[in-house]
Amino acid sequence: MNTLTGNLHTMMASFYQPTKDRYKILIEAKAFPSDHYAVASQLRLHGYDPKEGLIALAPREGEALLRTQDMIDAIRGDPQIALVLFSGVQYYTGQFFDIEKVTRAGKEQGCVVGWDLAHAVGNVPLSLHDWDVDFACWCSYKYLNSGPGGIGGAFIHEKHGQDLTRPRQVPGKKKLAGWWGNEKATRFEMKPEFRPSPGAAGYQLSNPSVLATVSLLGSLQVFDSAGFESLRAKSVLLTSYLEELLDTVLADHQQAGHFSILTPRDPSRRGCQLSLNFPKRMVDVFRALEARGVIGDEREPTVIRLAPTPLYNTYTDVHRAVFCLKGVLDDMFPL
């Protein structure tokens, strides 16, 4: 439903209910920029200065990844945190955060816990209900293959999924309402009173584009046919193969400091993405790879992301990409 940032705002309209004692929002410092924009604007909307209300948690000095215990300690260390809102998979480093442990820590401290799953959905295994996640949002134009501008998605735990218009002292007591969120049985009775559909369906606002939904349906049917467990198994093997080739074929370039792998080495703590850090000439490397037909993407200031996705990438693709990268680095940084 809707789009990713629109869904984040829709969720925060219900689940971010600050008080004078509890008003802060915790995110990672390198969260995707639109998440920063959304959270800062929600704080301002409620009369809070983001300089005081926004906690942006960074890795330890000299490290690229957030430690799970540091995330938990940040939650436990500030009783003014109202909302914890991390990414499932960090877009820049490719780190798959421990959603279960972080969510549990947040709930134990009385926080609402939501997740931006833009780089996680269709990429890593998720058990949002069992992990007691309050809400989550995602887009579908990354690993779900719906194309640019594709429809977004949202999860709301079933304990919040009843009629949220009824006053009660729990997150979700307030919500935005729209035509498509009204229950189907009465939608065309044209009454002015809003009667929400149960669950996440009650958060829909407008009739979605048929083109957007059909393009996503085609992709989801392929996922269903292949089976996510099989795709995840292949993903782990493909990315491990990419890692192995980078460590062997390009060992001299890594040792010389021409690039390094930012993404966790533990396959359970990453999806299919490996983020390669190039301290010098990242853009030149990226353009040279493109000229050789290797399509990754670049993220300023120094990262190129390579993500062998299991639906359509092969071991041959991975092999070719690494040897193309070797050619580029050999040209730019002769050893």
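Modeller: What follows is a set of questions and answers on how terms are applied to this predicted model.

Colleague: Let us begin with Asn7; what makes this residue count as buried?

Modeller: The relative accessible area of Asn7 is 0%, and because buried means under 20%, the label applies to Asn7. The residue is found in helix α1, which covers residues 4-15, and, leaving aside neighbours within four places in sequence, Asn7 is in contact with Met1, Asn2, Cys137, Gly152 and Gly153.

Colleague: And why is Asn123 counted as buried, given its relative accessibility?

Modeller: Asn123 has a relative accessibility of 5%, and since the limit for buried is under 20%, Asn123 counts as buried. Its place is in the loop between β4 (112-116) and β5 (135-138).

Colleague: Which residues does Asn123 touch, if those up to four places away in sequence are not counted?

Modeller: Asn123 touches Val89, Tyr143, Phe228, Arg232, Gly271 and Cys272.

Colleague: Turning to the aromatic residues, how many aromatic pairs does a search of the whole structure find?

Modeller: The search finds 10 aromatic pairs.

Colleague: Why is the pair of Tyr91 and Tyr92 called edge-to-face?

Modeller: The ring centres of Tyr91 and Tyr92 are 6.1 Å apart and the planes stand at 65°; a pair needs centres within 6.5 Å, and planes over 60 degrees apart count as edge-to-face, so the pair of Tyr91 and Tyr92 is edge-to-face. Both tyrosines are buried.

Colleague: What makes the pair of Trp179 and Phe188 edge-to-face?

Modeller: For Trp179 and Phe188 the centres are 5.2 Å apart and the planes are at 90°, so this pair is edge-to-face under the rule that asks for planes over 60 degrees apart.

Colleague: How do you know whether Trp179 is buried, exposed or partly exposed?

Modeller: Trp179 has a relative accessible area of 36%, and because buried means under 20% and exposed over 50%, with partly exposed in between, Trp179 is partly exposed. Phe188, at 62% relative accessibility, counts as exposed.

Colleague: Which residues do ring pairs link into a cluster?

Modeller: Phe15, Phe135 and Tyr203 are linked into a cluster by ring pairs.

Colleague: What lies over the face of Tyr92?

Modeller: Lys30 lies over the face of Tyr92, at 4.4 Å from the ring centre, where the distance limit is within 6 Å. Arg269 lies over the face of Phe96, at 5.0 Å from the ring centre.

Colleague: What makes strands β8 and β10 a pair?

Modeller: Two strands pair if at least two bridges are found between them, and β8 (residues 274-277) and β10 are joined over 4 bridges, in the antiparallel sense. With 3 residues between them, β9 and β10 form a hairpin.

Colleague: Why do β7 and β9 stand at the edges of the sheet?

Modeller: The open sheet has 4 strands in the order β7-β8-β10-β9, with antiparallel pairing. β7 (260-261) and β9 each have a single partner strand, so one side of each is left without a neighbour in the sheet.

Colleague: What is said of the two faces of strand β10?

Modeller: Both faces of β10 (residues 303-306) are covered, with Val303 and Arg305 buried on one side and Ile304 and Leu306 buried on the other. In a regular strand, side chains alternate between the two faces of the sheet.

Colleague: Finally, how much space lies in the largest pocket, and which residues lie nearest its centre?

Modeller: About 700 Å³ of space lies in the largest pocket, and of the 26 residues that line the pocket, Ile295, Gly296, Arg305, Leu306 and Ala307 lie nearest its centre. β9, β10 and α10 (315-332) each supply at least two residues of this lining, and α10 gives the most, with 4 residues.

Technical notes. Residues numbered from 1 in each chain as written. Predicted model: local features only at pLDDT ≥ 70, side-chain atom pairs only at ≥ 80, totals over all residues. Heavy atoms only, no water. Buried < 20%, exposed > 50% of the residue type's maximum accessible area, 1.4 Å probe, protein only. Contact = heavy atoms within 4.5 Å. Phe/Tyr/Trp six-rings, centres within 6.5 Å; stacked < 30°, edge-to-face > 60°. Lys NZ or Arg CZ within 6 Å of the ring centre and 35° of its normal. 1 Å grid on protein atoms, 1.4 Å probe; cavity = no way out; pocket = protein on both sides within 12 Å on 5 of 7 lines; lining within 4 Å. Points joined across faces, edges and corners; volume = space filled by probe spheres on them.
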